Every structure is written in structure tokens, then in C-alpha cells.
Amino acid sequence: MAKADYYEILGVSRTVTEVELKGAFRKAAMQCHPDRNPGDKAAEAKFKELNEAYQCLSSADKRAAYDRYGHAAFEQGGQGGGMGEGFGSSMSDIFDDLFGDMMGRSRGGRAGGRERGSDLRFNLDITLEDAFKGKTATVNIPTSISCEACSGSGAKPGSKPRPCGTCGGQGRVRAQQGFFAIERTCPTCQGRGEIIDNPCTSCAGSGRVTRERALSVNIPAGVEDGTRIRLSGEGEAGLRGGPAGDLYIFLAVKPHQFFQRDGADLYCRVPISMVQAALGGEFSVPTVDGQQAKVKVPEGTQSGKQFRIKGKGMPILRSRDLGDLYIQAMVETPQNLSKRQRELLNEFESISSTTTHPESNGFFEKIKDFFDQLSH
């Protein structure tokens with residue numbers, strides 16, 4: 001029977017790139033891998049066929065020969081379809097990459113059963129003033145720390161773990177399946193490479209216990225909502241003396257009663273009276289540094305007018321620069337008027353001219369012109 005085309009076996013075109021070829025092989029090989037299809041001879045045969053095709057096409061020289069002569073390039077003392085000398089070593093890297101996770105291990109494995117601890121997250125609320133000045137905060141975090149009784153080994157004081165007899169302390173065992181030697185996690189030690197005959201009574205053999213720790217966190221000036229601070233090695237302790245994970249502090253800046261923040265700039269809305277807006281004047285506003293700033297209001301100020309106070313915003317991280325403070329004047333319409341106040345306002349309205357309210361007069365003149373055009 002004629003052998004199938006290598007490109008067809010892998011489901012790729014003859015112009016396939018190296019990256020696309022590897023992806024196609026991975027996808028197909030995962031489906032028919034012997035570990036996923038125990039006892040399935042058809043899957044095993046397909047898996048060998050895929051390996052043969054990939055071994056040929058992944059080599060630039062072999063691929064060039066195959067493209068020119070087809071399978072005849074490897075017949076009569078040739079490479080045997082890509083299964084010649086050095087096949088096991090040339091495929092070891094790709095097998096580790098493709099099937100390492102499926103077999104319950106990473107390429108690095110586990111060194112002596114010492115697993116790295118998990119990373120931890122802690123949410124910390126701070127005020128806008130804290131974000132402006134920076135501060136050192138103390139946080140209490142419940143976490144796993146190394147067991148003092150056994151010094152993190154997991155073994156009862158006076159004893160120590162022994163190498164696993166099944167895997168020789170490697171944490172992995174090898175099984176032969178046809179042409180291939182498959183590595184698996186050791187079923188005896190669960191990949192740790194060690195056996196603890198006398199576990200520590202304080203930590204039940206895990207090498208760590210749960211405690212609450214107080215840590216100091218340096219919060220730099222200028223941090224924003226959502227800023228993440230990493231404390232290396234302050235996370236969960238590793239199993240059996242393994243390295244600790246990291247602690248990530250996520251900052252949340254509380255809403256402020258006066259200011260809204262946009263990057264390094266601050267915004268504040270200040271209500272002013274109708275009279276002050278019309279005649280002009282001056283008012284004071286607080287600043288985030290605890291001081292006060294004066295704002296001059298010119299005559300005829302309209303609602304929504306912004307005034308900029310330079311350098312009174314937030315610090316910029318890793319910089320000496322400061323943002324600005326923007327004051328937005330909101331003209332307040334008077335309410336609960338007395339009889340006399342009504343009389344004065346009516347009198348003011350009666351003597352007002354187009355120059356007194358230029359914007360509103362201009363707007364209503366446009367409306368009048370609009371309806372006049374509609375009536376013609």
C-alpha cells in the first residue's frame with residue numbers, strides 16, 4: 001500500500017510555516033496520544049504516523065528532499081521515514097512542550113518535593129490624601145508560613161524525608177509504549193520525590209501552618225486607584241520548605257467629598273450666588289495638600305466656567321511634577337424668595353436689555369426667526 005502524503009497526514013499545505021506545522025502536529029497528536037486512548041491500536045498507529053510526518057517536515061533538509069522526491073527520498077538505505085538514529089533525542093523537546101502539562105508536570109518538574117507557594121492578593125483602601133502624600137501602611141494578612149517545628153520539611157523533628165523508592169527521588173517514572181518512552185508523575189510520592197514516614201504533628205506533613213502576619217507596605221505619593229504593589233516572597237509559604245509566593249497589594253482610592261480625580265488633575269465644583277456671578281467677587285477653596293487657594297470671579301461669570309490653579313493637583317509617580325486643580329463655578333438659582341426679593345427681581349427684569357442677557361436674547365431671537373420662516 002502506498003504511504004500517505006506527510007502534508008495530508010498533518011492536515012497542512014505545502015507552504016506551511018514552521019510555527020503552523022508545530023501547531024498542527026500538537027493539535028492532532030493530542031487527540032490520538034496513547035495516554036488518552038489506552039488500548040486503542042488505531043490511535044497508537046495514527047500517533048506513530050503523525051510523529052513520522054512531523055519528524056520529516058520539521059527538518060529543513062528532510063523536508064526539501066521530501067518535496068523533491070517524495071517518500072522515495074528515504075527508501076533503500078535512507079532515513080526510514082524520519083525514524084532513524086537520534087529520533088528519541090530530537091523529539092524530546094517537542095514531547096516535553098506538547099505533553100508535559102497533560103502528564104501532570106511542567107518541564108522543570110518538582111525539585112525534591114519543594115513546591116513554590118501561591119501568590120496572594122490583598123485589597124487596601126486609602127484616602128485621596130494618602131495617595132497625595134504617600135504613606136506606610138500596616139496590613140494584617142492571614143497566610144501560610146513555614147512551620148517552625150519542622151523548619152518547613154514536613155517531617156517530625158528528629159527525622160527527615162527519605163527519597164521515594166519508586167522514582168528514585170525524581171518525582172517521575174518512565175513507561176515504554178511502543179517506540180516511545182512516556183514520563184508520568186510518580187504515583188507513590190505524587191511527584192514530590194520524597195516520602196515522609198513520620199509527618200510533623202504541627203503541620204501534618206505539609207511544612208507550613210496558617211498564621212496572621214503584620215506587614216508594612218510603602219505607598220508612594222501619586223498612586224492611582226487600581227495600583228498594584230508587589231511584595232516579593234511575602235505570599236504563601238511553599239510546601240516542604242519550597243520558596244514562598246508573592247503578595248500583591250491592590251489599592252482602592254476612596255471617593256472624596258470635594259475632589260474628583262482624572263490622572264494627575266483634580267476637579268472641584270463650587271456653587272456661587274447669582275449676584276456674585278453677575279458682579280464678580282472672590283472665594284476660597286481647599287486644596288488636597290490641606291491649604292486654601294483663592295479664586296477671583298470676574299463680572300458676568302456663567303455657570304460651568306472653569307478656573308485653573310496650576311500645581312495644586314496630584315503628584316505624578318516617579319516625577320516631581322504636580323497636576324492642576326480645576327474649579328468649576330456653578331451659578332445657583334435663588335429659592336424660597338421673599339415678597340421683596342420677588343419685587344426686586346421683577347424690577348430688574350423689566351429694566352434689563354439685550355446687553356444684560358446677550359446669550360438668552362440671541363437664542364430666543366433665533367427661535368422667533370425660525371417660526372417666522374415656517375409661517376411663510
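Ground rules first. This is a predicted model, so local features need pLDDT of at least 70, side-chain atom pairs count only at pLDDT 80 or more, and totals for chains, interfaces and linings use all residues. Residues are numbered from 1 along each chain as its sequence is written, and side-chain values use heavy atoms, with hydrogens and water left out.

Overall layout. The protein has 9 helices and 15 strands. Helices here are DSSP runs of H or I with at least four residues, strands are runs of E with at least two, and both are numbered from the N terminus. Of the 376 residues, 35% are buried. Buried means under 20% relative accessible area, exposed means over 50%, and partly exposed is in between, with a 1.4 Å probe and protein chains only. Contact means heavy atoms within 4.5 Å. Take the contacts with a separation of 6 or more: 64% of them join residues 24 or more positions apart.

Now the helices. Two packed helices are described by the angle between their axes and the distance between the axes. Our axes are lines fitted to C-alpha atoms, for helices over the stretch in contact, and angles run from 0 to 180 degrees between N-to-C directions.

Start with α2, residues 18–32, and α3, residues 41–57. Their axes come within 9 Å and cross at roughly 165°. That makes α2 roughly antiparallel to α3. The cut-offs: under 35 degrees is roughly parallel, over 145 roughly antiparallel, 65 to 115 roughly perpendicular, and the rest oblique. The crossing of α2 past α3 is left-handed. Left-handed means the near helix is turned anticlockwise from the far one by less than a right angle; clockwise would be right-handed.

Which residues meet there? From α2, Leu-21, Lys-22, Phe-25, Ala-28, Ala-29 and Cys-32. From α3, Ala-43, Lys-46, Phe-47, Leu-50, Asn-51, Tyr-54 and Leu-57. By class, this α2 and α3 contact has 10 nonpolar, 1 polar and 2 charged residues. Nonpolar covers Ala, Val, Leu, Ile, Met, Phe, Trp, Tyr, Cys and Pro; charged covers Asp, Glu, Lys and Arg; the others, Gly among them, are polar.

Next, α3 with α4, residues 60–69. Their axes come within 6 Å and cross at roughly 100°. α3 and α4 are therefore roughly perpendicular to each other. Gln-55, Cys-56 and Leu-57 in α3 meet Lys-62, Arg-63 and Tyr-66 in α4. This α3 and α4 contact divides into 3 nonpolar, 1 polar and 2 charged residues.

On to the cores. A nonpolar core is a set of buried Ala, Val, Leu, Ile, Met, Phe, Trp, Tyr and Cys residues joined through side-chain atoms within 4.5 Å. The largest has 36 residues, and Ile-219 and Ile-327 have the most contacts inside it. A second, separate core has 21 residues, including Tyr-6, Tyr-7, Phe-47 and Tyr-66.

What does Ile-327 touch, leaving aside neighbours within four places in sequence? Its contacts are Cys-268, Val-270, Phe-283, Val-285, Val-295, Lys-305, Gln-306, Phe-307 and Ile-309.

Thr-301 sits in the loop between β13 (292–297) and β14 (306–309). Is Thr-301 buried or exposed? Buried, because its relative accessibility is 7%. Beyond four places in sequence, Thr-301 contacts Ala-277, Phe-307, Ala-329 and Val-331.

Val-331 comes up again with Ser-273. Ser-273 is in strand β11, residues 265–273, and is partly exposed at 36%. Ser-273 and Val-331 are 58 residues apart in sequence but 5.8 Å apart in space, C-alpha to C-alpha.

Last, backbone checks. Most residues other than glycine have a negative phi, and most peptide bonds are trans. Ser-151 is not a glycine, yet has a positive phi of about 55°. Ser-151 lies in the loop between β2 (135–146) and β3 (162–163), and is exposed at 62%. Arg-318 is also not a glycine and has a positive phi of about 55°. Arg-318 is in the loop between β14 and β15 (325–332), and is exposed at 80%.

That is the tour.
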